[in-house]
Amino acid sequence: MRTLIILAHPDIKNSIVNKRWKQELEKYPEEFIIHELYEEYPDWNIEVEKEQQLLERSDHIVIQFPVYWYSYPPLLKKWMDDVFAYGWAYGRNGNKLVGKKFGLAMSIGDKEENYAPSGSVGFSVDEIIIPFKAATAHIGAIALSYFTVFRASFQISGDEVEQSARDYIRYILSTKSE
């Protein structure tokens with residue numbers, strides 16, 4: 001079974017890290033299905049049933065995105081709001097995502113040391129992704145470990161981007177068995 005990658009980057013063409021990760025994923029079409037939300041829904045009119053069917057056919061899902069103001073890009077948030085619907089993902093008869101594995105792959109523009117209690121952000125990545133953890137618990141899914149790369153906005157070297165792309169593939173393959 002291939003891993004579904006929900007890619008949510010508002011400007012993938014000008015991305016450094018996420019664009020490179022996508023290129024690396026494309027080398028393995030037998031392993032990954034790449035589903036780009038901003039390409040699929042430039043008008044933000046999400047086809048909920050289509051998205052739900054895609055998720056139903058997948059047991060291993062990785063959501064890839066740049067951290068925007070300590071959260072998800074806005075279309076990804078809307079996608080979750082629309083697709084994880086009552087009666088489908090949670091609530092009465094809402095069990096379609098129970099037991100499915102969800103991971104996160106995040107590029108973060110700032111330095112890692114700033115995501116500590118003593119850093120300028122003052123919160124860890126674990127704290128930033130609490131809404132994701134709560135959502136996966138609420139729908140009965142399994143929240144996997146996450147993958148991050150820091151300094152993605154402008155301080156990352158070409159070698160670090162290349163290494164992160166290889167590490168990203170290893171992360172995805174290793175979380176299949178978590």
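**Figure 1. Pairing of β4 with β5 in the predicted model.** In this predicted model, Ala105 has Phe147 of β5 as its bridge partner. The two strands concerned, β4 (residues 101-107) and β5, run in the parallel sense and are joined over six bridges. They belong to an open sheet of five strands, whose order is β2-β1-β3-β4-β5 and whose pairing is parallel. Because β2 and β5 (142-149) stand at the edges of this sheet, each with a single partner strand, one side of each is left without a neighbour in the sheet. Direction ignored, neighbouring strands of the sheet are turned against each other by 20° on average.

**Figure 2. Strand β1 and its two partner strands.** Strand β1 (residues 3-7) is mostly covered, with five of its five residues buried. Thr3, Ile5 and Leu7 point one way from the strand, whereas Leu4 and Ile6 point the other way, and all are buried. With β2 (residues 32-36), β1 pairs in the parallel sense over five bridges, and within this pairing Thr3 stands opposite Phe32. With β3 (residues 60-66), β1 again pairs in the parallel sense, here over four bridges, and Ile63 of β3 is the bridge partner of Ile6.

**Figure 3. Helix α1 between β1 and β2, and its cover.** Helix α1 (residues 17-26) forms, together with β1 and β2, a β-α-β unit that is right-handed. The helix lies across β1, β2, β3, β4 and β5, and it runs at about 150° to β3. Seven of the ten residues of α1 are buried, so the helix is largely enclosed by the rest of the structure. The buried residues of α1 are Val17, Asn18, Arg20, Trp21, Lys22, Glu24 and Leu25, and they pack against β1, β2, β3, β4, β5 and α7 (158-175).

**Figure 4. Helix α6 against the sheet.** Helix α6 (residues 130-138) lies across β3, β4 and β5, and its direction makes an angle of about 165° with that of β4. Of these strands, β4 and β5 are paired with each other in the parallel sense.

**Figure 5. Packing of α3 on α4.** Helix α3 (residues 48-56) and helix α4 (residues 74-83) pack at an angle of about 85°, and their axes are 10 Å apart. The two helices are therefore roughly perpendicular to each other. On the α3 side the contact is made by Val48, Glu51, Gln52 and Leu55, and on the α4 side by Trp79, Asp82 and Val83. By class, the residues of this contact divide into four nonpolar, one polar and two charged.

**Figure 6. Two loop residues with positive phi.** Trp44 has a positive phi of about 70° although it is not a glycine, and its place is in the loop between α2 (37-40) and α3. Since its relative accessibility is 31%, Trp44 counts as partly exposed. Arg151, also a residue other than glycine, has a positive phi near 65° and is found in the loop between β5 and α7. With a relative accessible area of 25%, Arg151 is partly exposed.

Conventions:
Residues numbered from 1 in each chain as written. Predicted model: local features only at pLDDT ≥ 70, side-chain atom pairs only at ≥ 80, totals over all residues. Heavy atoms only, no water. Buried < 20%, exposed > 50% of the residue type's maximum accessible area, 1.4 Å probe, protein only. Pairing = 2+ DSSP bridges. Right-handed = clockwise from strand over helix to strand, strands pointing away. Axes fitted to C-alpha atoms, helices over the stretch in contact; angles between N-to-C directions. Parallel < 35°, antiparallel > 145°, perpendicular 65-115°, else oblique. Contact = heavy atoms within 4.5 Å. Nonpolar A, V, L, I, M, F, W, Y, C, P; charged D, E, K, R; others polar.
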